[in-house]
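Here's a walk through a fold, from its sheet to its metal site.

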Amino acid sequence: MIEIQQLTFTYPHGSFHLHISELAVESASVSAVVGPSGSGKTTLLHLVSGILPIALGKILIDQTDLSTLTDAERRRFRLQQVGLVFQDFELIDYLSVIDNVLLPCRIGDAVALDDATQRRAEKLLEQSGLVDHIRKPVTQLSQGEKQRVAICRALLPKPAILLADEPTGNLDPTTSGQILDLMLSSARENNTTVMMVTHDHSLLNRFDHVIDFERFLTSSEPAPAARGTPE
Ligand code: ADP
Ligand code: MG
C-alpha cells in the first residue's frame, strides 16, 4: 500500500509546486497516472521511488515512512523494492542489451546474478520481441526497442512496486498493447503494485484505477481530505 498524506513538494530552483493532500494506492493494484504535461507526474514517481527527498508531508510504503529515511536509506529502499522505467530510459550506453537488463544484480542485492536470473532476463527480452538484439550495444537500438529494454530491466527483480513513466510512449499501438500485457501479467504474477504514467487513453480500461493529476493542480485541488468529513 502506498499512502500519501499532505505532501508538498517544490524543486530548489523553479516555481513548480505539487500538493497532494491525500492519495492511497492499494497493494498489488495497477493504476494509470494521467494529467497535463508539467503537472508533476514524473515528480510524483520520483518521490514515491525515493529518488527525490520529501520535505513536507508523508509517503508511507507499507510500514516505511519515506520522509524519515536518510538519502542512503531511500536509495536502499529503491534498489530493494522499486522497479523504475524512466521517461528517458536511462540505459547504460556502453553495456549490451542483456547487461542493461541485468543491471539490478550489479547495483544492489535485490536479485542475485545466477542462472535463473540470467534465464529470466533472456525470457523477458524474448517476450518483448528483442531476442535478436540480446548481445547488441543498446546504442544500436531504436527508441521503442530501448524502451522495452528499460521495461525488462525494471521487471527483472520482481519488484514490490513498479513505477513506469510513459513506458509505451515510443511504441506503435500493437507493440504498446503487447508491452502493457507483459508488464501487467508480470505484475499480477508477482503481486506488484503498479503506477504507470500514460497519455494513451485507449489503455485506461486495462487498469484498476486512474489517478488524474487535474485534481492536484493548485487552483482546482478539491481538498479530498475535507470532502470526507461530515458536514
Ligand atoms: P510531468 O511529468 O507531469 O510532465 P514533471 O513532474 O516532469 O511533470 O514536471 C513538473 C514541473 O516541474 C514542470 O514545470 C517542470 O518544468 C518542473 N521541473 C521538473 N524537474 C525540475 C527540476 N529538476 N528543477 C526545477 N523544476 C523542475
Ligand atoms: Mg513526465
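Which strands does helix 1 lie across? Helix 1 lies across strand 3, strand 7 and strand 8 (193-197), and it runs at about 155° to strand 7. Helices (H or I, at least four residues) and strands (E, at least two) are DSSP runs, numbered from the N terminus. Angles run from 0 to 180 degrees between N-to-C directions, and the axes are lines fitted to C-alpha atoms, for helices over the stretch in contact.

Some ground rules before going on. This is a predicted model, where local features need pLDDT of at least 70 and side-chain atom pairs count only at pLDDT 80 or more, while totals for chains, interfaces and linings use all residues. Residues are numbered from 1 along each chain as its sequence is written, chains are lettered from A and ligands numbered from 1 in the order in which they are written, and side-chain values use heavy atoms, with hydrogens and water left out.

Five strands form an open sheet in the order 6-7-8-3-9, and the pairing is parallel. At its edges are strand 6 and strand 9 (209-212), each of which pairs on one side only. On average, neighbouring strands of this sheet are turned by 15° against each other, direction ignored. In general, strands of a sheet pair through backbone hydrogen bonds, either parallel or antiparallel. Here two strands pair if DSSP finds at least two bridges between them; strand 6 and strand 7 (residues 161-165) have four, in the parallel sense.

Is Cys-152 buried or exposed? Cys-152 counts as buried, at 0% relative accessibility. Buried means under 20% relative accessible area, exposed over 50%, and partly exposed in between (1.4 Å probe, protein chains only). Leaving aside neighbours within four places in sequence, Cys-152 is in contact (heavy atoms within 4.5 Å) with Val-101, Leu-124, Leu-125 and Ser-128.

Leu-125 also turns up in the largest nonpolar core, which has 40 residues; Leu-125, Val-149, Leu-156, Met-183 and Met-196 have the most contacts inside it. Such a core is a set of buried Ala, Val, Leu, Ile, Met, Phe, Trp, Tyr and Cys residues joined through side-chain atoms within 4.5 Å. Among the elements that each supply at least two residues of this core are strand 3, helix 6 and helix 7 (173-189). A second, separate core of 29 residues includes Ile-4, Leu-7, Ile-59 and Phe-77.

Finally, the metal. Thr-42 (OG1) and Gln-87 (OE1) coordinate the magnesium ion (ligand 2), at 2.0 to 2.5 Å. The pair is 45 residues apart, with Thr-42 in helix 1 (residues 41-48) and Gln-87 in the loop between strand 6 (82-85) and helix 3 (97-101). Donors are N, O and S atoms within 2.8 Å of the metal (3.2 Å for Na, K and Ca); water is not among the atoms, so sites may look incomplete. Thr-42 is partly exposed at 24% relative accessible area, and Gln-87 is partly exposed at 39%. Glu-90 lies in the loop between strand 6 and helix 3 as well, and has a positive phi of about 55° although it is not a glycine.
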